[in-house]
Amino acid sequence: MPDFTRLIRNKDLIAAVVPHTHWDRDWYHPFEQFRLSLCRVIKRLLEVMEGDPRYARFWLDGQTVLLEDYLELYPEDRPRLERLIAEGRIGIGPFYVLPDQYLVTPESLVRNGIIGRRIAESFGGCSRQGYVADPFGLASQLPQIWSKLGLESVFFSRGISRRQLKRAGSTFWFLAPDGESRVLGVFQVNHYSNISLWGVPGGSFPRGDPDTDDIDFAFSERQVQRVLDAYAEAGCRSRVLFFGNGNDHHAPAHRLPDLIEHNARRFARVAFVQVTPDELVDLVKQESPELATLRGEMHSPDLWDVLAGTLDSRPYLKQQYDDAAEWLERRAEPLTALVSALGLSRRAVREQHHVGHAFAIANDSALPAALGPAALDYAWKLLLRCSPHDDICGCSVDATHQDAENRAKRVAEICSMLTSDAALRLAGSVRPPALKESKPVARLLAWNGLGFARTCALRQRVLVPAPSRRLRLVDEEGREIPAAIRARVTAPHYRRWNFDDGWENLPEKAVEADIAFTADLPAMGYRTFFLVPGEAERTYRPAVRRLSRGMANAWVRVTIHPDGTFTLVDKRNGVRYPGLNRVRDQGDAGDLYLSHLLKEGAVSPSRQDGRIRCVEALPDRVTFEVKLTLPRVPVTITAGRTRRSRRTAPLRLRFLYTLYPHSPAVYVRAEWENRHREHRLTVDFPTGLHTARTEAQSAFDVVPHEAPFTQEPCRDFVTAAQDGRRLTVLSRGMHSYDARLERGRLVLTKCLLKANGHIHDGFRPYWEAPGGNCLRPLVQEYAALPGAESDSWAEMAKAADDFRAAPLVDYYCFQPEGDLPAAHSFLEVSGPFQLTAFKRSERGDSLIARLVNLSPRAATATLRASSALKVTGAHLTDLLERRQEELPVRGGKVKVKAKTRAIVTIELCT
């Protein structure tokens with residue numbers, strides 16, 4: 001460990017030189033091409049470090065995935081890497097990748113740290129520092145996430161504002177919203193590459209080769225002076241300064257020791273030392289300077305642009321990531337953990353319609369217990385490889401994002417197989433109701449992966465053996481469930497795959513039925529419904545009424561207009577919200593990083609541009625459709641990129657508006673095939689509120705923003721309130737929003753599409769990315785939710801979870817029975833808490849529940865665990881699942897008190 005006292009003797013400053021490479025796995029080249037470059041860099045690194053003991057340190061960018069990528073081609077080099085890592089000469093970890101912090105799920109940020117540490121420790125060492133050289137801003141909860149992952153600092157180069165820098169300088173404490181968790185903030189003044197190409201003048205050839213022998217020492221002195229001047233201007237309360245000797249995809253500069261020796265002689269008041277980020281932080285800790293404290297989201301473009309356009313670019317990527325994460329977090333992980341805890345190894349035959357069906361008798365057995373954790377770990381790695389900013393942000397060449405689409409697809413494939421396997425085990429282990437009439441022809445299992453009970457509108461298409469198309473639905477007690485069942489006979493006999501005889505022909509007819517119904521589902525649990533022959537016992541009164549051009553339930557009344565807007569009236573307080581979902585299309589002369597919206601040529605629909613019709617009116621749901629055509633939308637922008645083109649084409653959108661009986665939210669689905677380039681398509685939600693304050697969900701937090709602005713981060717909801725009323729917009733995979741004031745009233749805007757066909761204006765035409773124009777079928781789903789100003793963040797988070805995380809519904813025609821009840825809750829969370837994860841522990845011998853307190857004050861969470869889990873003990877842990885405090889368990893209940901916005905991880909021993 002470097003000694004601060006010795007280094008600073010007779011000196012004013014310490015230049016802590018961190019030799020590094022910043023590695024993008026894929027960006028302006030796809031992954032496999034960059035991997036070959038990575039192999040060249042690491043091969044050269046091993047040669048330099050083994051050949052020159054003066055080259056003391058090198059930093060591998062905080063990502064352990066680089067080791068996996070390299071060793072797939074050079075497995076024989078693992079001992080060499082392990083030796084240098086164990087000696088502390090190569091610094092690795094603590095992350096798996098360097099993810100964007102706004103576009104991935106909160107749990108992704110946690111798993112990135114868990115997986116990264118595990119891999120790093122297997123090589124003999126893991127950094128304690130949260131080095132994220134180039135994220136496009138920092139989430140407000142980063143200090144808490146990282147401190148609970150055992151990390152001490154954040155090294156970063158984007159997001160801090162001039163005002164924050166003036167107040168705190170480049171080294172400060174970064175405090176979490178809980179008011180307790182903090183990490184050391186190390187702002188990399190002049191970026192993470194502030195001393196890259198040290199001694200290599202910019203005009204030399206080959207330009208950008210850090211591994212050259214030809215060093216201009218006089219030029220290196222001028223570079224050092226520029227960095228020192230930048231730190232003096234920024235202000236720094238520590239005398240330890242970050243000097244980043246490296247850049248994107250740089251090999252080590254083998255003459256670095258000579259450069260350090262030379263500049264140490266020239267700058268008599270500066271001590272130069274070659275370090276890793278761990279050693280830099282150790283020096284600051286030894287110095288123990290008086291530091292200021294900053295808190296809150298860091299998403300300012302003041303000093304280095306946070307590239308906010310990436311929040312909107314290629315929206316399909318964001319959707320695919322969120323869908324794959326939902327399969328992992330809400331379905332596969334909790335279900336596999338529960339069936340393992342319950343010991344459900346027996347499973348009924350896989351039927352033809354299920355994901356796991358295969359024409360082999362051997363495949364009818366359950367998946368091995370050990371396969372689940374290994375498959376889930378692999379799925380998490382695949383998902384996390386989609387999360388770095390050059391992947392999830394949509395700002396790379398098309399081939400890079402084609403790879404990401406394939407990875408997300410593979411995550412869903414793995415998780416759907418695991419989910420199907422676990423659900424089959426559950427479905428085959430429940431007790432059916434005692435029915436007087438004939439046996440059920442099928443059972444439907446609905447799984448709710450959220451920590452609270454909820455009412456859901458469900459739908460399932462089935463192919464079942466039945467004597468006729470007259471069918472009805474009953475619950476676990478044999479009570480009839482109001483359901484709309486549309487059935488037709490499709491074949492004279494029903495065939496299914498049987499584990500003994502191959503194809504089995506059953507005497508009943510094959511009946512295809514579409515079943516739509518609304519039901520209550522237990523928290524983190526399942527409910528089984530049974531399809532039985534016979535007529536429905538009675539006609540049920542509609543819970544949602546169809547109106548001439550709209551719909552109504554007990555909560556709200558909705559009127560649809562031909563221009564795609566709708567008027568929402570909250571019956572509870574009489575508040576009227578007109579003009580919601582107002583479409584606007586603007587030219588965007590920016591690129592995949594940044595938007596440059598053209599003021600002229602914006603297009604909005606008129607009152608006569610759309611056609612309205614009701615497409616479905618069932619007792620528990622009504623859906624209206626508006627087919628909207630904007631007849632003359634410019635197809636692109638001019639070659640000079642200053643205005644929209646004169647050539648136009650129709651822009652056709654299809655909006656579906658659905659109202660359910662259990663919620664005041666109006667669900668909206670937008671569908672269209674994009675045929676226009678260089679434009680941004682948005683929908684406005686005029687709130688009618690005289691306020692500029694908005695609040696948007698972020699990772700484990702809710703963050704305020706003041707209008708007006710364009711493209712601030714937003715996870716699953718944005719909300720605004722005043723004078724007792726509130727309007728919230730829920731969304732799925734739409735991670736930005738705009739806000740402005742029109743005549744003093746707040747308008748919220750969500751982006752349907754940002755379409756641009758190149759990566760960066762500064763590199764045209766070389767970095768073309770035509771796929772960024774998204775000339776493909778597109779879908780966006782969101783909802784408008786009226787409410788009261790008193791509605792809590794926890795209630796809005798529940799509404800967002802309810803909107804985003806659809807229950808899993810599947811059906812089974814087999815008849816086996818077990819001892820499990822037909823409806824069951826395994827875990828329920830009460831209090832103002834959001835359950836963000838429920839999984840098997842990393843050790844594999846217990847269960848983990850993770851939640852966050854969304855109350856503005858300290859609160860107590862109560863976890864009620866099912867007796868079927870046989871919970872014998874509980875512990876409060878950090879995010880690495882290291883036990884911190886034993887918690888009492890009484891009657892299956894565990895209580896824990898948490899500060900505001902505290903992330904709480906609880907281990908349940910079974």
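**Salt bridges and other contacts**

Guide: Happy to, and let's begin with Arg-454 and Asp-802, which form a salt bridge with their closest N and O atoms 2.8 Å apart. Arg-454 belongs to strand S12 (residues 454-466) and Asp-802 to helix H15 (residues 793-804), so this pair ties together parts that are 348 residues apart in sequence. Please keep in mind that this is a predicted model.

Visitor: Are Arg-454 and Asp-802 buried or exposed?

Guide: Arg-454 and Asp-802 are both buried.

Visitor: How many salt bridges does the structure hold?

Guide: There are 84 salt bridges in the structure. One of them joins the side chains of Asp-26 and Arg-407, at 3.9 Å from N to O. Asp-26 is in the loop between strand S1 (13-19) and helix H2 (31-51), while Arg-407 is in helix H14 (residues 398-427), so the pair ties together parts 381 residues apart in sequence.

Visitor: And why does Asp-26 count as buried?

Guide: Because its relative accessibility is 1%, and buried means under 20%. Arg-407 counts as buried too, at 6%.

Visitor: What about Lys-43, which residue forms a salt bridge with it?

Guide: That is Asp-77, with the closest N and O atoms 2.8 Å apart. Lys-43 sits in helix H2 and Asp-77 in the loop between helix H3 (65-71) and helix H4 (78-86), 34 residues apart. Lys-43 is partly exposed at 23% relative accessibility, whereas Asp-77 is buried at 3%.

Visitor: Which residues are linked in a network of salt bridges?

Guide: The network links Arg-613, Glu-625, Arg-654, Arg-669, Glu-671, Arg-732 and Glu-781.

Visitor: Switching to rings: how many aromatic pairs are there?

Guide: The count comes to 26 aromatic pairs. Among them is a tilted pair, Tyr-131 with Phe-155, whose centres are 5.8 Å apart and whose planes make an angle of 35°. Tyr-131 is in strand S4 (residues 130-131) and Phe-155 in strand S5 (residues 153-156), so parts 24 residues apart in sequence are tied together.

Visitor: Where does the charged end of Arg-776 sit?

Guide: Over the ring of Tyr-316, 3.7 Å from its centre. Likewise, Arg-182 lies over the face of Trp-173, at 3.6 Å from the ring centre.

Visitor: On to strands. In which sense do S25 and S26 pair?

Guide: Strand S25 (residues 610-618) and strand S26 (residues 621-634) pair in the antiparallel sense, over 8 bridges. They make a hairpin with 2 residues between them, and Leu-618 has Arg-621 in S26 as its bridge partner.

Visitor: What is the order of the open sheet of 4 strands?

Guide: The order is S40-S43-S47-S46, with antiparallel pairing. Strands S40 (827-830) and S46 (889-890) stand at the edges with a single partner strand each, so one side of each has no neighbour in the sheet.

Visitor: Last one: how many disulfides does the structure hold?

Guide: The structure holds 0 disulfides. As for individual cysteines, Cys-236 is partly exposed, with a relative accessible area of 25%, and Cys-614 is buried, at 18%.

How values were computed
Residues numbered from 1 in each chain as written. Predicted model: local features only at pLDDT ≥ 70, side-chain atom pairs only at ≥ 80, totals over all residues. Heavy atoms only, no water. Phe/Tyr/Trp six-rings, centres within 6.5 Å; stacked < 30°, edge-to-face > 60°. Lys NZ or Arg CZ within 6 Å of the ring centre and 35° of its normal. Pairing = 2+ DSSP bridges. Disulfide = S-S within 2.5 Å. Buried < 20%, exposed > 50% of the residue type's maximum accessible area, 1.4 Å probe, protein only. Salt bridge = Lys/Arg side-chain N within 4 Å of Asp/Glu carboxyl O.
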